[in-house]
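Me: Hi! Could you walk me through this structure in plain terms?

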Amino acid sequence: MMKHLLFTSALALAALGAGAAGTDTFQWGNANVYFVITDRFSNGDTSNDINYGRKVDYGSEQLNAATFHGGDFKGMLEKAREGYFTNLGVDVVWMTDVYEQIHGWMSGSGSINDFPHYGYHGYYPLDYTQIDKNYGTVEEFRELVDTLHAQGIRVMLGANLNDPGYPTLLDAVQYGFANTGLTADEASNHIREWSFDDFYAGRAGWNGWWGREWIRMPDEGWDESNPLEATLYGMPDFKDESDAPVAIPEFLHRKWHMEGTANDAWVNPSARKLRENRAWSPMQYVIAWIASWVEEFGIDGFRCDIVENVRLNRWKELNQACNDALDRWRKNNPDKPGAGWTDRFFMTGDCEPAGIEYKPGYAAAGFSNMVNCNFPKTGDLDGIVYTWQAYADSVAAYPGWFPFNYLNNSYHRDANMDNMIDCATTLLLAPGVSQVFYGDETGRELSDARFNVDSNQAFRSDMNWGNMNKELLHHFSRLGQIRQQHPVIGTGRRKTLDTHTSLCYNDSDTLLIRLVPQLTGSIAVAGSGFNDGEVVTELYSGQSATVSNGAVEFPEYKNNVAVIARRKL
């Protein structure tokens, strides 16, 4: 017999999701993931806005497209404590990489160099063993992770085995690996005429940067058509094929010696023991450094960058290292929120233009999916049920492999921003994971970075706390809460009844999703398991009605959607 379900309020849903009382109902296959660029989300501590000699203000929003803007762990913690994530029905917070980033700037828009590009987004790691000071301290990060865990929210970071960050003028001056002829102040300022190619051409005289036993660069003549041996955008490419032992680069030893104990507040304690030379290959060091964040903080998953550029055996090694690290964290911290969770470490990958298709090699390496680049992003409600059907059929055919859907992310602003109400409906009621990019739910607009050649930076504007679209926020929250209360949406079977009607079901739950309901008409439920005389609830609005003559009618419908469930009597 199917379980009767009761519509509950936002606060009750948040309490259910917390799992603090002992019941953890979370499933990765139904997760609602909130993807946030930490630096652009909320500035909770202005005292950490400028570090390492970086310059953050070049006088205009267009030139400041890729400087650090001040967002930090304290800002995220404040929002978590306010209940922002729980009210959205968020199951997972995915933060951009927290590792210390390159200190200097890289040329924005490549050789055009129309703006200074810093590592605010976490994709340009300099030192995997400590947190970037712009984000906050180790203890601030620990408090943030513990707080999210206490709310029943998993935490994801990014994992990149392909490349460290670019060499920059400022890092070269600070750590003495290249003769730039500049002072630190001069090197910290953006130089429009600077050429990365010219700078790198002098690498033969560099002292102790990532050596050729660690990385390859464009001057080595590798086949750029082979992603496993390509230098993406001229970035240094870790030689993941190498099993030869290497020593940690001299500039890192120099850096750690210069910092001494002054940086203890930012050093990951579990990574400190990994600062010694060992008989390890490049990948063994990088995998150990990344897994140390799982061991120290109980991180629950990684989004892995450009997975096709790294060999499968390395991803499998990372997955095993992270599962072992998570087991150690749970064992060593039995009283911490989340220590009693039993789900394995989660990995998804970014491999354009991947869709929902099953990839057995990646599944064997520990991945649960690839990020689904093909999710429809127009908000078209006429026929989305057929997409949902295909996704549910795929979930049923390949247990443990499920779609990871999104509308927008840090590289793509593809959704119809004039129709985000309907876009949210198509995403949050879809089978598999739903990934919400920060500000999708509030109407965050593009910044003036859209006028740069690299207009993608405009996708990463500051969170619009002072100018939120309240109707849109309510819609995302309402659907997120329904999704969290009813995992059948993400993991159950589907039956398409007509162009606008989808039935979700499993052994314990049944939902009828009706899109574009007639404002004054009834909704047919005959054949969907809802019988005459049953009291049902339209979850979006909380209205109840009794099934009669195979149909049900509610006084009003909001935002073109009705989600109907049995009401517990």
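Predicted model: local features only at pLDDT ≥ 70, side-chain atom pairs only at ≥ 80, totals over all residues.

**A hairpin to begin with**

Me: What does valine 535 pair with in β20?

Reply: The bridge partner of valine 535 is threonine 546. Strand β19 (residues 535-538) and β20 are antiparallel and share four bridges.

Me: How many residues sit between β19 and β20 in the hairpin?

Reply: There are four residues between them, and glycine 542 in that turn has a positive phi of about 85°.

Me: And what's joined to β19 by three bridges?

Reply: That's strand β22 (residues 561-566), which runs antiparallel to β19. There, threonine 537 stands opposite alanine 565.

Me: In what order do the strands of that open sheet come?

Reply: The order is β15-β16-β17-β22-β19-β20, six strands with antiparallel pairing. At the edges are β15 (493-498) and β20 (543-546), each pairing on one side only. From one strand to the next, the twist averages 25°.

Me: New topic. Is strand β10 covered on both faces or open? Which residues are involved?

Reply: Both faces of β10 (residues 301-304) are covered. Gly301 and Arg303 are buried on one side, and Phe302 and Cys304 are buried on the other. As a general point, side chains in a regular strand alternate between the two faces of the sheet.

Me: Which strands does β10 pair with, and is the sense parallel or antiparallel?

Reply: β10 pairs in the parallel sense with strand β7 (residues 154-159), over four bridges. β10 also pairs in the parallel sense with strand β11 (residues 346-349), again over four bridges.

Me: What do β10, α12 and β11 make together?

Reply: They make a right-handed β-α-β unit, with α12 covering residues 312-332.

Me: How does α11 pack against α12?

Reply: Their axes are 8 Å apart and the angle is about 30°. Angles under 35 degrees count as roughly parallel, so α11 is roughly parallel to α12. The crossing of the two helices is right-handed.

Me: Is α11 mostly covered or mostly exposed?

Reply: Mostly covered: 14 of its 16 residues are buried.

Me: How does the span of α11 compare with what its residues should give?

Reply: Helix α11 runs over residues 282-297, and at 1.5 Å a residue its 16 residues should span 22 Å. The C-alpha atoms at its ends are 24 Å apart, which agrees. Just after α11 comes glycine 298, with a positive phi of about 75°.

Me: Which residues other than glycine have a positive phi?

Reply: Serine 109 is one of them, with phi near 60°. Valine 516 is another example, at about 50°.

Me: Great, thanks!

Definitions and conventions: Residues numbered from 1 in each chain as written. Heavy atoms only, no water. Expected span 1.5 Å × (residues − 1). Buried < 20%, exposed > 50% of the residue type's maximum accessible area, 1.4 Å probe, protein only. Pairing = 2+ DSSP bridges. Axes fitted to C-alpha atoms, helices over the stretch in contact; angles between N-to-C directions. Right-handed = clockwise from strand over helix to strand, strands pointing away. Parallel < 35°, antiparallel > 145°, perpendicular 65-115°, else oblique. Left-handed = near helix turned anticlockwise from the far one by under 90°.
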